[in-house]
Amino acid sequence: MNLDARFAHELTSFGERVKEVRTRKKLTQPNLGALANMRVSNISRIEKGSTNLKLATIIRLADAFKVTLSTLFDEKGGKIIHIRKKYKVAEERFEDEKKRMGLRIEGLTKHRNLKQDELAILAKIDAADISRYINGDGNIEFFNIVKIAHALEVELIDIFNYNGTFPDNKRFKGRL
């Protein structure tokens, strides 16, 4: 699947999962909008998979649901995993998630025997941006998360399953 097709698929899947979690938690779009401090029209676009979003927005949704980020990326519609850590303010979770995601991307990159600059080339993202994401800085866009997952040949849930096992390297073709 090429990158554009994967991006469209991932956006649609993410939107479907947000809707699924929302309905399983018996929330309406206006309820979720209030909890996530978002407009109902934005919730609707997210659920339809028709808008690129940033990590901060994804975290606001997860925070409103009180679930892990990996829950929102579980295409199989698996168990809803609630967060265990209590955050005082949303910004604290945002900073924590950026750092954890950065460490996971770094771990996946090393596991694939790649350097950051090689990941940048494969993902077609500026090396300085890759470095920022790995260092837990910046508000990465959904599209760039998909590009990184595509370059590393992993599922999106693998980026957010911080304690998960690393994928098998036998089929990895992304070497330069």
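In the predicted model, Glu153 is placed in the loop that runs between helix H9 (142–152) and helix H10 (156–160). The phi angle of Glu153 is near 55 degrees, a positive value in a residue other than glycine. With a relative accessibility of 34%, Glu153 is classed as partly exposed, because that class covers the range between the 20% limit for buried residues and the 50% limit for exposed ones.

A positive phi is also found at Asn113, where the angle is near 60 degrees, again in a residue other than glycine. Asn113 belongs to the loop between helix H6 (90–111) and helix H7 (116–123). Its relative accessibility is 60%, and Asn113 is therefore counted as exposed, the threshold for that class being over 50%.

The lining of the largest cavity is made up of Glu10, Ser13, Phe14 and Arg17, together with Leu72, Phe73, Asp74 and Glu75, and finally Phe142 and Leu156. Helix H1 (residues 3–24) makes the greatest contribution to this lining, supplying four residues. When the lining residues of the largest cavity are sorted by class, five are nonpolar, four are charged and one is polar.

Notes: Residues are numbered from 1 along each chain as its sequence is written. This is a predicted model: local features need pLDDT of at least 70, side-chain atom pairs count only at pLDDT 80 or more; totals for chains, interfaces and linings use all residues. Side-chain values use heavy atoms; hydrogens and water are left out. On a 1 Å grid over the protein atoms alone, a cavity is a set of points where a 1.4 Å probe fits but cannot get out, and a pocket is an open set with protein on both sides within 12 Å along at least five of seven lines; lining residues have an atom within 4 Å of a point. Helices (H or I, at least four residues) and strands (E, at least two) are DSSP runs, numbered from the N terminus. Ala, Val, Leu, Ile, Met, Phe, Trp, Tyr, Cys and Pro count as nonpolar, Asp, Glu, Lys and Arg as charged, and the others, Gly among them, as polar. Buried means under 20% relative accessible area, exposed over 50%, partly exposed in between (1.4 Å probe, protein chains only).
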